[in-house]
Amino acid sequence: MKQKEFEFTLTEEQIAKYPAEERDESRLLVLHKDTGEIEHRVFKNFIEYVSEGDLCVFNDTKVFPAKLYGNKERTGAEIEVFLLRELNREQRLWDVLVDPARKIRIGNKLYFGEDNSLVAEVIDNTTSRGRTLRFLFDGSYEEFKNTLYTIGSLPVPKWIRPRAEEIDKERFQTIFAANEGAVASPAAGLHFSRILFKHMEVMGVNSAFLTLHMGNAHFHTVEVEDLSKHKMDSEPLIITPEAAEAVNQTKRKGHKVVAVGITVLRGLETFVTTTGEIKEFEGWTNKFIFPPYKFTIPDALVTNFHMPKSTMLMNVAAFGGYKNVMNAYEVALQEGYRFGTYGDAMLII
């Protein structure tokens with residue numbers, strides 16, 4: 001397929017700027033992939049589409065405060081730094097994006113914090129993702145990380161709001177976030193409330209967790225026309241033996257495995273055995289799924305409404321069927337569903 005086939009018109013007003021008042025009170029579009037039938041529900045109705053013995057798989061990654069606001073030496077020009085990946089713990093090296101990037105050169109120093117308590121030097125500006133910074137800090141690694149995270153802000157995407165606000169400290173994380181390392185929130189998991197989890201537990205619906213730390217590239221639109229030529233950035237993935245066994249047991253017993261989010265969908269399909277099971281895994285994945293694709297593990301998918309030409313939309317279309325999903329998106333736009341991280345949800349069954 002071609003990337004132009006995933007293009008549609010999305011206005012700024014259709015992107016959610018704030019989350020729903022309660023996590024499980026966002027709208028839910030239910031798409032039946034075998035028939036194309038669409039239902040309009042509220043997310044708390046999710047419980048009606050799962051049964052005893054089914055398994056919901058969540059991504060327990062936790063977003064860290066990856067945005068820094070500072071100033072360039074001499075000129076004092078305002079600089080925004082997006083921390084992407086720690087490259088070297090001992091040398092305090094980080095792979096970052098800098099905005100505005102055109103005025104940053106190797107050797108420039110950047111100052112962060114009210115009292116310029118954190119200083120970084122640009123040592124490379126030729127990486128595929130942006131720049132490499134060396135933070136100049138004399139204390140221990142723990143003191144450095146604490147300073148970095150104290151100064152930093154949660155990386156709420158600019159197409160939601162220019163800067164993070166107080167509400168984001170709670171609502172930009174899932175209630176089960178545990179393993180720090182993501183620069184983007186696994187949005188589908190944001191809809192699950194503690195009350196909904198309790199209802200699932202009472203019903204005998206099981207839960208399992210994998211960890212996939214989402215990078216900023218997850219949100220990039222695909223630039224190449226031929227999707228087979230698009231390369232995803234690698235992201236760290238952990239599937240514990242317990243999670244793998246829970247998934248395999250569910251499949252053996254004939255119950256549904258529900259992938260909560262695109263990261264889980266990709267994680268479950270990263271390493272599948274010839275017998276249709278998954279194994280424990282700790283490494284990197286650059287799995288890119290687009291139509292047509294035959295899934296082995298997940299039977300249902302919970303996801304948000306994504307941006308045009310995004311890899312996430314292509315993943316969804318692979319699972320629900322291209323025509324079904326693009327029709328559902330057209331209906332969602334007509335019905336006023338909210339798009340993006342804080343937007344409404346879709347369940348594909």
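Biologist: How do the residues lining the second largest cavity divide by class?
Modeller: There are four nonpolar, four polar and four charged residues in that lining. Here Ala, Val, Leu, Ile, Met, Phe, Trp, Tyr, Cys and Pro count as nonpolar, Asp, Glu, Lys and Arg as charged, and the others, Gly among them, as polar. Keep in mind that this is a predicted model, where local features need pLDDT of at least 70, side-chain atom pairs count only at pLDDT 80 or more, and totals for chains, interfaces and linings use all residues. Residues are numbered from 1 along each chain as its sequence is written, and side-chain values use heavy atoms, without hydrogens or water.

Biologist: Which residues line the second largest cavity?
Modeller: Among them are Glu22, Arg23, Arg171 and Arg338, along with Pro19, Leu190 and Tyr342. The space inside is about 80 Å³. A cavity is a set of points on a 1 Å grid over the protein atoms alone where a 1.4 Å probe fits but cannot get out, and lining residues have an atom within 4 Å of a point. The volume is the space filled by probe spheres set on the points, which are joined across faces, edges and corners.

Biologist: And how much space lies in the largest cavity?
Modeller: About 170 Å³. Its lining has 21 residues, with Ser185, Ala187, Ala188, His306 and Met312 nearest the centre. Helix H5 (262-270) and strand S16 (300-304) are the elements that give two or more residues to that lining. By class, the lining has eleven nonpolar and ten polar residues, but no charged ones. Helices (H or I, at least four residues) and strands (E, at least two) are DSSP runs, numbered from the N terminus.

Biologist: New topic: is strand S1 mostly buried or exposed?
Modeller: Four of the five residues of S1 (27-31) are buried, so the rest of the structure largely encloses this strand. Buried means under 20% relative accessible area, exposed over 50%, and partly exposed in between (1.4 Å probe, protein chains only).

Biologist: Which strands does S1 pair with?
Modeller: S1 pairs with S2 (38-42) in the antiparallel sense, over five bridges, and with S17 (345-348) in the parallel sense, over four. Pairing needs at least two DSSP bridges between two strands. Look at Leu29: its bridge partner is His40 in S2 and Met346 in S17. S1 and S2 also make a hairpin with six residues between them, where Gly36 in the turn has a positive phi of about 85 degrees.

Biologist: What about non-glycines, where does Arg92 sit and what is its phi?
Modeller: Arg92 is in the loop between S6 (78-88) and S7 (93-99), and its phi is positive, near 60 degrees. Most residues other than glycine have a negative phi, and most peptide bonds are trans. Arg92 is buried, at 10% relative accessible area. Lys309 also has a positive phi, about 60 degrees, but is partly exposed, at 22%.

Biologist: Which peptide bonds are cis?
Modeller: The bond from Asp99 to Pro100 is cis, with omega near 0 degrees, and a cis bond joins Pro291 and Pro292, with omega about -5 degrees. Pro292 is in the loop between S15 (281-285) and S16.

Notes. 1 Å grid on protein atoms, 1.4 Å probe; cavity = no way out; pocket = protein on both sides within 12 Å on 5 of 7 lines; lining within 4 Å.
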